[in-house]
Amino acid sequence: MPLYRKRRRMELTAAVLLATSLFFSNLFMVFAILNPVDFLALQSIRKSLDDMPGSNFFEAWDFTADPCGFPGVFCAGDRVQALALGDPRAGSPGLMGRLDPAIGRLSALSELSLVPGRVTGSIPDTIASLTNLRFLALSKNFLSGSIPDSIGSLSNLHTLDLSFNQLTGTIPQSIANLPSLANLVLCHNQLSGSIPQFPGSSLLLRLDLKHNQITSQVPNLPTTLQYLSLSSNQLTGQVDSVLVKLNQLNFLDLAMNQLEGPIPPSIFTYQLNSLQLQRNLFDGTVGPENEVQIPLVDLSFNRLWGPISPLLASVSQLYLNNNRFTGEVPARLVQELMGSGRMQVLYLQHNFLTGIEISPASAVSLPAGASLCLQFNCMVPPVGTPCPLKAGTQKTRPADQCPEWRG
């Protein structure tokens with residue numbers, strides 16, 4: 001064989017060997033960058049989920065490339081540290097399918113989230129294997145079944161958000177015992193049973209269980225709470241001894257339950273943005289100790305009685321309707337509403353009030369945006385302001401319901 005041909009063949013062989021070496025080297029690098037267990041777990045997760053129409057989240061999940069570059073996958077070294085499933089942009093379609101139990105093999109995971117979509121099925125028990133998990137948010141999907149008791153083994157968990165799903169059963173006591181838990185958001189499900197007991201060492205800041213089917217009394221809650229929402233359940237009993245200890249609250253919503261007893265005066269001194277106790281069975285007088293600085297106070301549809309306190313005059317939106325308040329409306333409330341004060345809404349309909357002082361000039365100059373309703377009291381309303389449709393059309397109470405007023 002001529003020398004030049006032999007040399008040419010040797011060059012071609014060397015080129016093939018080099019190309020083959022580079023191919024396998026690159027292939028090895030793809031698989032070697034990420035831990036093999038994490039790589040296979042991501043493949044299983046991908047197979048169990050799909051994009052909803054209009055979503056292209058999984059379009060770039062091409063497993064011939066480095067998975068650490070996939071959308072929603074965040075790595076530290078060769079391990080998946082955070083996994084955000086779905087496009088988090090507002091209004092973007094989410095995912096559908098199920099959460100694969102393989103998710104529990106991502107043992108270095110510290111954050112796991114799922115954007116709103118149509119993911120169904122149960123929450124995998126294998127999540128309990130994610131001992132480093134600090135943040136777990138699977139809200140606004142169609143997850144069903146019970147909350148795995150095993151989640152209570154995630155001692156590093158800081159935030160648990162399973163809201164807006166179709167979860168049933170009780171709230172595991174083990175979750176309340178989590179030592180690092182600061183945010184527990186389970187609202188808008190079908191959870192039943194009781195509110196779990198939190199230990200005295202709990203550092204909980206936010207507890208949101210509204211819109212469930214919880215039937216218990218309200219137990220003692222962590223004094224660290226800043227946000228408490230238990231509305232639209234079937235809670236019973238008194239809460240005055242519970243509320244007096246929660247002086248760190250900035251939001252309180254216990255509306256639409258069957259709670260009874262007095263409202264502690266101290267609650268009006270808290271630095272709340274909103275106080276919502278409407279549609280319960282609260283009774284007794286409302287006697288704040290100091291000027292109330294809460295922007296929204298809704299005590300409507302209860303059994304509260306006695307005179308209305310003038311210390312409520314600085315409330316921007318005040319709903320006292322559908323109670324049993326008596327006496328005259330304090331002049332300070334009228335001045336704040338009619339003048340340039342803070343009050344914008346004053347609903348007093350369906351009580352037993354006997355008078356309110358409004359000058360003719362004030363009646364004509366009710367500020368734009370201000371709302372006043374006085375229907376169905378023991379007086380003739382001095383001004384015909386629009387009221388909610390639910391207030392009815394009857395202007396005054398029948399005289400036989402008003403022993404101090406005979407029309």
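A residue is taken as buried when its relative accessible area is under 20%, as exposed when that area is over 50%, and as partly exposed in between (1.4 Å probe, protein chains only). The model is a predicted one, so to speak on its own terms: local features need pLDDT of at least 70, side-chain atom pairs count only at pLDDT 80 or more, and totals for chains, interfaces and linings use all residues. Residues are numbered from 1 along each chain as its sequence is written, and side-chain values rest on heavy atoms, with hydrogens and water left out.

Taken as a whole, the protein has 407 residues, and buried ones make up 48% of them. Its secondary structure comes to six helices and 27 strands, where helices (H or I, at least four residues) and strands (E, at least two) are DSSP runs numbered from the N terminus. With contact meaning heavy atoms within 4.5 Å, residues 24 or more positions apart supply 43% of the contacts with a separation of 6 or more.

Back to leucine 207, which sits in strand S13 (residues 206–208). Leaving aside residues up to four places away in sequence, leucine 207 touches Leu184, Phe198, Leu221, Leu225, Tyr227, Leu228, Ser229 and Leu230. One of these contacts, tyrosine 227, is 20 residues from leucine 207 along the chain, and the two C-alpha atoms are separated by 6.2 Å.

Next come the sheets. Strands of a sheet pair through backbone hydrogen bonds, either parallel or antiparallel; here, two strands pair if DSSP finds at least two bridges between them. Seven strands make an open sheet with mixed pairing, in the order S1-S4-S6-S8-S10-S12-S14. Strand S1 (49–51) and strand S14 (213–214) are at the edges with a single partner strand each, so one side of each has no neighbour in the sheet. At the S14 end, strand S12 (residues 190–193) pairs with S14 in the parallel sense over two bridges, and glycine 193 stands opposite isoleucine 214.

Further into the order, S4 and S6 run parallel and are joined by three bridges, with methionine 96 having arginine 118 of S6 as its bridge partner. S6 also runs parallel to strand S8 (residues 142–145), this time over two bridges; threonine 120 has phenylalanine 142 of S8 as its bridge partner. Helix H2 (residues 36–48) lies across S1 and strand S4 (95–98) and runs at about 60° to S1. For such angles, axes are lines fitted to C-alpha atoms, for helices over the stretch in contact, and values run from 0 to 180 degrees between N-to-C directions.

Another open sheet has six strands with parallel pairing, in the order S16-S18-S20-S22-S24-S26. Strand S16 (236–238) and strand S26 (352–355) form the edges, each pairing on one side only. Direction ignored, neighbouring strands of this sheet are turned by 15° against each other on average. Within it, strand S18 (residues 258–261) and strand S20 (residues 281–284) pair in the parallel sense over two bridges, and glycine 261 has phenylalanine 282 of S20 as its bridge partner.

An antiparallel pair is found in strand S2 (residues 73–76) and strand S3 (residues 79–85), which share four bridges. Cysteine 75 stands opposite valine 80 of S3. The two strands form a hairpin with two residues between them, and glycine 77 in the turn has a positive phi of about 70°.

Phenylalanine 301 has a phi of about 55° and lies in the loop between strand S21 (296–298) and strand S22 (303–306); at 29% relative accessibility, phenylalanine 301 counts as partly exposed. Phenylalanine 376, with a phi of about 60°, lies in the segment after strand S27 (371–373) and counts as buried at 13% relative accessibility.

Phenylalanine 301 is also among the residues lining the largest pocket, together with Arg279, Asp298, Ser300, Tyr319, Asn321, Asn322, Tyr347, Gln349, Pro388, Lys390 and Ala391. The lining divides into five nonpolar, four polar and three charged residues, counting Ala, Val, Leu, Ile, Met, Phe, Trp, Tyr, Cys and Pro as nonpolar, Asp, Glu, Lys and Arg as charged, and the others, Gly among them, as polar. The volume of this pocket is about 170 Å³. On a 1 Å grid over the protein atoms alone, a pocket is an open set of points where a 1.4 Å probe fits, with protein on both sides within 12 Å along at least five of seven lines, and lining residues have an atom within 4 Å of a point. Points are joined across faces, edges and corners, and the volume is the space filled by probe spheres set on them.
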